[in-house]
Amino acid sequence: MNAVPVLLGYTAAVGLLAPRLLLRAAWLHRAPALAVVVWQALMAAFAIGAALTTYNLAMPTEHLHAGLVGLLHSCGLHVGPGEPSPATADRLGIALPAALGLALLTGFAFHVARARRARTRHREAVDLVGRRATRLGATVLPYDTPAAYCLPGRRPRVVVSEAAVRELTAEQLAAVLEHERGHIAGRHHLALAVAEAFHSVFRRLPLARHGRQQTALLLEMAADDRALRRHSGEALATAMYEMAAARTPKGAFAAGGHSVVIRVTRALGPRRAPHPVLRGAVAAVAALVPLLPLIVACPPLLG
């Protein structure tokens, strides 16, 4: 069976239709960490599906004698003298998926390295002008606007301004610091780099555009959830409101930011975790979605 139509339809559905359906799901903001996994599973499924589609187009099959090479030849686009050769198809079948994988890996490495350089420069500045507050587990900066952010990575820092220490209540400050520790413990910078890399390769794809936006928002909500396990929603929400106008350095995660209105509403509203059955079903689907292109392209041999 020629797997190309199935792979092409599946990949298009994942890249174009799945984001619209996922954005309408009611459980996303109730389980943000799981939602991030689902978005990134869809990205992996699209990348695998696109790679396998190009591979199956390029490789000769009994239904398509020279794959993509034959198609180009029949359209008058000659890639070489005479009829397309199987060797050319073999090279295309390997080169096209490899180029896609290399582009994604290069994009991921680029975003990780760029953010790391920015964090390293800022960390050095923070260590010079800030003072270490052991009681808070953070570095305090002389800054007159309430602010808090973290610099994740191998030498993480939680940074808070003197204005935040002075103006926030003890519970507000503790909730904000716990939020920042959630980013560091969850290695959220790596998940964000995955979404950025996927967007850099498939910039106009709805999955890439919505996936990057939603990943950033959901990671903030996941860090909020860590803070809400120990502190009240009112303390976290009012602290976020106080820090909404603070600026954040590149490569850092901040407790404030442009998503404050959504997150404040969520923190003050009723918190209902998804039913365990729903959570398990979503996790199973997230694990299966990237495997489906492989099952279609490489069906088990029977007999």
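This is a predicted model: local features need pLDDT of at least 70, side-chain atom pairs count only at pLDDT 80 or more; totals for chains, interfaces and linings use all residues.
Residues are numbered from 1 along each chain as its sequence is written, and side-chain values use heavy atoms, with hydrogens and water left out.

The protein has 12 helices and 5 strands. These are DSSP runs numbered from the N terminus, with helices being H or I of at least four residues and strands being E of at least two. Of the 303 residues in the protein, 45% are buried, where buried means under 20% relative accessible area, exposed means over 50%, and partly exposed lies in between (1.4 Å probe, protein chains only). Among contacts with a separation of 6 or more, 70% are between residues 24 or more positions apart; a contact means heavy atoms within 4.5 Å.

Helix H1 covers residues 4-23 and helix H8 covers residues 206-228; the two pack at an angle of about 35 degrees, with their axes 7 Å apart. On the H1 side the contact is made by Val14, Gly15, Leu16, Pro19 and Leu23, and on the H8 side by Pro206, Leu207, His210 and Gln214. By class, the contact has 6 nonpolar residues, 3 polar and no charged. Here Ala, Val, Leu, Ile, Met, Phe, Trp, Tyr, Cys and Pro count as nonpolar, Asp, Glu, Lys and Arg as charged, and the others, Gly among them, as polar. The axes are lines fitted to C-alpha atoms, for helices over the stretch in contact, and the angles run from 0 to 180 degrees between N-to-C directions.

Helix H1 also holds Thr11. Thr11 is buried, with a relative accessible area of 6%. Leaving out residues up to four places away in sequence, Thr11 touches Phe46, Gly49, Ala50 and Thr53.

Helix H2 runs over residues 32-58. Because 20 of its 27 residues are buried, H2 is largely enclosed by the rest of the structure. At 1.5 Å a residue, H2 should span 39 Å, and its end C-alpha atoms are 39 Å apart, which agrees. The expected span is 1.5 Å times one less than the number of residues.

Next come the open spaces. The largest pocket has a volume of about 830 Å³. Its lining has 28 residues, with Leu192, Glu196, Gly251, Ala252 and Phe253 nearest its centre. H4 gives the most to this lining, with 8 residues. By class, the lining of the largest pocket has 12 nonpolar, 9 polar and 7 charged residues.

The second largest pocket holds about 480 Å³ of space. Of the 23 residues that line it, His29, Arg30, Pro32, Asp225 and Arg266 lie nearest its centre. H8 gives the most to the lining of the second largest pocket, with 5 residues.

One cavity of 30 Å³ or more is found in a search of the whole structure. The largest cavity has about 40 Å³ of space, and 10 residues line it, including Ala148, Met243 and Ala246.

On a 1 Å grid over the protein atoms alone, a cavity is a set of points where a 1.4 Å probe fits but cannot get out, a pocket is an open set with protein on both sides within 12 Å along at least five of seven lines, and lining residues have an atom within 4 Å of a point. Grid points are joined across faces, edges and corners, and a volume is the space filled by probe spheres set on the points.
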